[in-house]
Amino acid sequence: MSATLPPGFRIQRETNTEEFFINMGPQHPSTHGALRLALRMDGETIVELVPHFGYIHRGMEKQAESMSYLQYIAMSDRQDYLTAIQNNLGVVIALEKGMNVGVPEKGEYIRVMLQELGRIASHLVFYGCFGGDLGGQTCLLFGFKEREMIHDILEEVTGSRLTTNFFRPGGSRYDVPDTFLPRVKAFLDHLEGAMRDYERFLSKNIIVLERSVGIGILSKEDAIAYGCSGPVLRASGVEFDVRRANPYSIYDQLDFDIPVFHNGDCYDRYKIRIAEIHESMKILRQCIDKFPKEGAWRSKEKPVRLPVGRYYSEIETAKGLYATYVVAATTGEKPYRIHTRGPSFPHIAALNKMVQGHKISDLVTIMATLDPVIPEIDR
Amino acid sequence: MQENITLVQYFKRYLKRCITGPWSLICGLSVSLKYFLSPWKIVTEQYPENKKTLRMHERYRGRLEMVEDEEGNNHCTACGMCERACPNASINVLPTKNIAGKKVLGRYVYHFASCTQCGLCVEACPFGAIVMSPAFEVATTEPSSLEMILNKKEGQG
Amino acid sequence: MYVPSVTHPIGDFVREWVPKLSAYLPEQLQSQTLDSIVAFLVNAVICIIAVCAVNIGSAPILIYMERKVCAHVQCRLGPMRLGWHGTLQTIADVIKMLFKEVYAPSGADKLMFYLAPLIVLIAPFMVAALIPFDKNLVVSDVSMGIPLIIAVNGFGVLGILLGGWSSNNKYSLLGALRSGAQMISYEISFAMILLFVVMISGSTNLMTITQSQAGTIADWFIFKIPVLGFIGFILFFISSTAEMNRAPFDIAEAEQELTGGYHTEYNGTPFAMFYLAEYIALVTNSALATTCFLGGFHAPCIGVAAVDNYLTMVPGVVWFFAKVFFMIWCYMMVRWTFVRPRVDQLMDFEWKFLLPVNLLLLGAGAAYIVISG
């Protein structure tokens, strides 16, 4: 939408300038962690971008080889810490495939509800960081305010605010307390009003529109080619959501839409996350209505031992496709190899494609809308 | 991104933005004014002042503690399940022998500095001998205090 | 001999008392010339102290206010620990800032590096000297007030450019260049809108501008010319925000993009001076807005004698600062609401929107004055 005058009215610039190099990060307020972006710049315009990873590489996949399966669930918290509870589920589903255990209905409802709460929490952080990176510090606080309420609920249920370590093969670690459903319900009612304010605050704001519409366009083909997933992929017009394409848990029994936008620019990536918050609220309300009052919340406890084989699971976290690939070479409680496919890595890989020809300020906007979490990239 | 449009389109768009732009800014201002004028919506708390009223949730994972009765007896059998369950070797169970020659708990060493409060040890314990306490003020200036011996007495065996 | 500086009432007091005191001196030292020189010097010192007191004194208050306004918009409490509701917090911060070690990055041009914050401070201090705080409370009542303000405001950009260039940091340099482009552009519309005020009042003297707004609220320039006055006020608000480099036009600092822009490499006292300059500029710009549009030190009379009598009983300086703080609050609300436009959009906004509207406004104002006589 950023309109320029027709060609005849444009001033043709003929300057002889020198390109220079800027090092953005690893200590930079808007690289969302220890990520280093090497920029080749022509004035304020970015010519080329090379991301450098690995500043907080902890060797999680290597560590997993000397850990038991249960310990790796705790490790998955530390990958994408904004969607810790969703990562737990990704690992657990792979283990369940190996152990061949099912989950009782109540257990599935607990899972789905916590998943969606986690999704809302992550998208609220996105809302905050998007506004904050654009220069509106107030948005940052707004987003985090409601996220804290979700974390309060998570703390009551799982015992921890961020590193939940909650799901176990066959169900979860605890049953939900009695206060859980009323609390979620009250929170949803609160969030409804808060989101109205927040959208009013940012969604139609002319400066936000100017900053994000038509910026960082990722075409449908590129999005698929780079392996993007989640909101980034859906903002580029590809209707792919693991919850719909390859349903896990009870997502096939729930009624929800998959928002898809077609421009693939920063504004669409913002809108799609706001739309997903509303969809998650819809799912949560359905779950509250259907929540089974009685019944087991986990199947019979078994030692976590996987037979020889290869097990794969994929789930849709707030950031995108989170897949876990477990190779069990011997029957036992330790894996031969666990590989995690995180959603943020391909997004950063596609960054160079998106920023070329944009200004350095746009890079900040694009980074914010990709919503990467660096510990998940480095692992 | 640049797109080619005619001059008329350009001015139409310009005029439209002149009207919608200020209106959107006023919308934004109204929200911040609303929050400014409603002090009851403040969510932050005054931490050390409200310490007395703070209650952590039952399941909160603060610090590992041993369940002991009034006399200081515990349920630990020094089986070492917790030690094996711990992902980062924060627990050392050092067994000893009692007078009858049976293996009992000598010292239960807990390295709080390396603990990630995942709670797997509590889950692994078959006797309910350890719990995660809701202590949340666990910061310290004394590094040596992070090496703890949790049991007061030898185990029952 | 020309004796400028404080006119009333302190100036008169000094001029009256210096000859009386000099009578005690030995007779061969007494002379009219000496008296007037001493009176001039005493006056000058008093003026400098007054300007410094108003400016430097207001900065901690504003920082506290900014923190509280920002906190309440964001559903926070803000500083609450030191003093009642954290009132002493900024003083503690100032003390901390002053005791920090001052150092320059290696490769920096040391002279320029330390000169820059001083230059930045000049502009707001000089503008403050021209503002009439009350009927007879103005430091220098020069007849070319408005052109002087426009000229002096140009100093700020020099300091920022120097600071950014001498830091030997690419982020600083980018920030400084952004700031240079921005402030030079917005100075045009800033000057234009002051011209509009000059056109209505018929004078460039700030005291005369204030006095021509005497009477009721309807005589304030914001309301005096229907609609146009208000548009002018909004335009002044926008361009002065850009002049001050305040959010949402803080692209020169742009913490999220340039990690602080031109003052990335500054710390301790020099950084405090940049900070101080920002807040003093806030005071002077608010004072300027008050003088030019909100009736200066005049009470907001509504034309009902019974109420007006009470309103006018309050000293003008109180009204002046009440209006100034209202303006500052407006600037703060805007700062904590909006996001930051991109650097080229900011230029677009100035050249494609603000300047044409300003020109139209000038024309419409002139037409109005001709028609209404």
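Two strands count as paired if DSSP finds at least two bridges between them, and strands (E, at least two residues) and helices (H or I, at least four) are DSSP runs, numbered from the N terminus. In what follows, residues are numbered from 1 along each chain as its sequence is written, and chains are lettered from A and ligands numbered from 1 in the order in which they are written. This is a predicted model, in which local features need pLDDT of at least 70 and side-chain atom pairs count only at pLDDT 80 or more, while totals for chains, interfaces and linings use all residues.

**Chain A: a sheet**

Begin by selecting β1 (20-24) and β3 (45-52) of chain A, which stand at the edges of a sheet, each with a single partner strand, so that one side of each is left without a neighbour in the sheet. The sheet is open and has 3 strands in the order β1-β2-β3, with antiparallel pairing. Its neighbouring strands are turned by 25° against each other on average, direction ignored, where axes are lines fitted to C-alpha atoms (for helices over the stretch in contact) and angles run from 0 to 180 degrees between N-to-C directions.

**Where chain B touches chain A**

Next show chains A and B together, counting two residues as in contact if their C-beta atoms, placed from the backbone, lie within 7 Å. The contact takes 29 residues from each of the two, chain B and chain A. On the side of chain B, the elements that give two or more residues are α1 (7-36) and α3 (120-124), and α1(B) gives the most, with 12 residues. By class, this side of chain B has 12 nonpolar, 12 polar and 5 charged residues; here Ala, Val, Leu, Ile, Met, Phe, Trp, Tyr, Cys and Pro count as nonpolar, Asp, Glu, Lys and Arg as charged, and the others, Gly among them, as polar.

**Within chain B**

Now colour chain B by its domains, whose bounds come from an automatic or database domain assignment: domain 1 is 7-41 and domain 2 is 64-149. The centres of these two domains of chain B, taken over C-alpha atoms, are separated by 59 Å. Then select strand β1 (residues 63-66) of chain B, which pairs with β4(B) in the antiparallel sense over 4 bridges, and find B:Met66, whose bridge partner in β4(B) is B:Ile130.

**Chain C: domains and helices**

Turn to chain C, for which the assignment gives domain 1 (1-57), domain 2 (65-99) and domain 3 (108-372). The centres of domain 2 and domain 3 of chain C, taken over C-alpha atoms, lie 25 Å apart, and the contact between them takes 7 residues from domain 2 and 8 residues from domain 3. On the domain 2 side, α2 (32-73) and α3 (89-98) of chain C each supply at least two residues, with the largest share, 5 residues, coming from α2(C).

Finally, go to helix α14 (residues 343-372) of chain C, where C:Ile371 is found. Is C:Ile371 buried or exposed? C:Ile371 is exposed, with 7 other C-beta atoms within 10 Å, given that a residue is buried if 20 or more other C-beta atoms, placed from the backbone, lie within 10 Å of its own, exposed if 12 or fewer, and partly exposed in between.
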